[in-house]
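Colleague: I would like to learn how to read side-chain contacts in a model. Could you take me through them one feature at a time?

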Amino acid sequence: MRIIQPHYHGIARTTQDYQRMAYAGVVAVAEPAFWAGFDRKYPETFLDYFRQISEFEPTRAAQYGIRHYCWVAVNPKEAENPSLSREVLRHMPEFFQKPTVLGVGETGLHKSTRNECEIFEAQIELAIKYDQLLLVHTPHLQDKLRGTKRILEILRRAPISPERVWIDHVEEHTIRACKDAGYWVGFTLYPITKCSPARAVDMIERYGADRTLVNSSADWGPSDPATLHECIFEFRRRGHSEQEAIELFHNNPARFLGQNPKFTIRPIRIEELEPTAVG
Amino acid sequence: MLTASEVVEKYFLDARAMLLELAALLDRYDRACSQANNSPPEDPRMELLYQALAVIADRKTNPDRVERLLVMFSDPAE
């Protein structure tokens, strides 16, 4: 089955990931800019990072027939440093011109501080000004509910079309508000601590598969790209058809990401052929 | 979607294993507390686990136990 992995941090992974994802049917990945595990000091470090994910990573993925796209942003954790963030934001439009950059992400909130909110708002403005898609990170664990409410308040005030916004890492206590407001939502599957493949399928059955993206965890922490395939297996073993799986794990990412014309993978449909006479 | 019987068939063993892990954690905690000079810490998290177990065991609830637990484990909204 063809799969699109919509949230994947290749910079933190080995090439073997690409090999295994290719074996398992992944045809494209999208890599949001994120926190590197430590707070960077210099704007140039971000810019080199953006070069890495927009220039080098596509070549690594291409060795396995996988198309690599990316997003650029100052992540919520480092947004706590506004002067550094503003300097990085000044350069982001240069990267919007690159052939594989899809939008601004992942921005959002971490601890929902004043600085984080200010830089989040500035990045929403940038996305609107340059007609870019927007990928929003929601906080983890005990900070998620409060942070998601704040994110929705900020987004509500911004003149941005909800269908161009993807709110990521939703769980049972945050999904309804995000979907009701018209945004795309994403589940991020972790081997431990956060959303599991079975819970993701529960939410899909309960709230529908429209405007829904599913991505594995794939970063420098305990995470595993194969959780996405585990989720597909869970979805199928509950009796959902192969076409329904394709809708969710290939066509939905193609529809959302395809709003940026640089993303050219289109939704697909499987078709059973009429039997032909043998001999 | 699965039938109720299929849910039991497919998930019973997983749930059993998760409950045993939780039981083992609570036993481990109690053993640690019962050791000399090792009184229970002033940490609300263990109490939260017991409150969560009560939510899980509530048979009369709508199927929203996960959501109720996540709200219980969240920092209060501003």
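Modeller: We will go through rings, charges, a surface patch and cysteines in turn. Keep in mind that this is a predicted model.

Colleague: Let us start with aromatic rings. How many aromatic pairs are there over all chains?

Modeller: First the general idea. A pair of aromatic rings is described by the distance of the centres and the angle of the planes. Here the count is eleven aromatic pairs over all chains. One of them joins A:Tyr49 and A:Phe50, with 6.0 Å from centre to centre and 40° between the planes.

Colleague: Is the pair of A:Tyr49 and A:Phe50 stacked, edge-to-face or tilted?

Modeller: Stacked needs planes under 30 degrees apart, and edge-to-face needs over 60. At 40°, A:Tyr49 and A:Phe50 are therefore tilted.

Colleague: Are A:Tyr49 and A:Phe50 buried or exposed?

Modeller: A:Tyr49 is buried, and A:Phe50 is buried too.

Colleague: Which residue lies over the face of A:Trp35?

Modeller: That is A:Lys77, at 4.4 Å from the ring centre.

Colleague: Now salt bridges. How many does the structure hold over all chains?

Modeller: Again, the idea first. Side chains of opposite charge can pair when their charged atoms come close. The structure holds 25 salt bridges over all chains. Take A:Glu55 and A:Lys98, whose side chains meet with 2.4 Å from N to O.

Colleague: What does the pair of A:Glu55 and A:Lys98 tie together?

Modeller: A:Glu55 lies in helix α2 of chain A, residues 43-62. A:Lys98 lies in the loop between α3 (82-96) and β4 (101-108) of chain A. The pair therefore ties together parts that are 43 residues apart in sequence. A:Glu55 is partly exposed, at 35% relative accessible area. A:Lys98 is also partly exposed, at 22%.

Colleague: Where do A:Arg150 and A:Glu153 lie?

Modeller: Both are in helix α5 of chain A, residues 144-157. They are three residues apart, about one turn of the helix. A:Arg150 and A:Glu153 form a salt bridge, with their closest N and O atoms 2.9 Å apart. A:Arg150 is partly exposed at 22% relative accessibility, and A:Glu153 is partly exposed at 35%.

Colleague: Which residues are linked in a network of salt bridges?

Modeller: The network links A:Asp202, A:Glu205, A:Glu234, A:Arg237 and A:Arg238. Another salt bridge joins A:Glu247 to A:Arg255, with 2.8 Å between the closest N and O atoms. A:Glu247 is partly exposed, at 28% relative accessibility. A:Arg255 is partly exposed, at 38%.

Colleague: On to chain B. Which residues form a nonpolar patch on the surface?

Modeller: B:Val8, B:Phe12 and B:Leu13 do, and together they have about 330 Å² of accessible area. B:Phe12 is part of helix α1 of chain B, residues 4-34.

Colleague: Last, cysteines. How many disulfides are there over all chains?

Modeller: The count is zero disulfides over all chains. Look at A:Cys195: the nearest cysteine sulfur is that of A:Cys231, 7.9 Å away.

Colleague: Are A:Cys195 and A:Cys231 buried or exposed?

Modeller: A:Cys195 is buried, at 1% relative accessibility. A:Cys231 is buried as well, at 0%.

How values were computed:
Residues are numbered from 1 along each chain as its sequence is written. Chains are lettered from A and ligands numbered from 1 in the order in which they are written. This is a predicted model: local features need pLDDT of at least 70, side-chain atom pairs count only at pLDDT 80 or more; totals for chains, interfaces and linings use all residues. Side-chain values use heavy atoms; hydrogens and water are left out. Rings of Phe, Tyr and Trp (its six-membered ring) pair if their centres lie within 6.5 Å; planes under 30 degrees apart count as stacked, over 60 as edge-to-face and the rest as tilted. Buried means under 20% relative accessible area, exposed over 50%, partly exposed in between (1.4 Å probe, protein chains only). A charge sits over a ring if NZ of Lys or CZ of Arg is within 6 Å of the ring centre and within 35 degrees of the ring normal. Patches are made of residues with over 30% relative accessible area and no salt bridge: like charges are joined within 9 Å, nonpolar side chains (Val, Leu, Ile, Met, Phe, Trp, Tyr) within 5 Å. Accessible areas come from the Shrake-Rupley method with a 1.4 Å probe; for residues, only the protein chains shown count as cover. A salt bridge is a side-chain nitrogen of Lys or Arg within 4 Å of a carboxyl oxygen of Asp or Glu. Helices (H or I, at least four residues) and strands (E, at least two) are DSSP runs, numbered from the N terminus. A disulfide is a pair of cysteine sulfur atoms within 2.5 Å.
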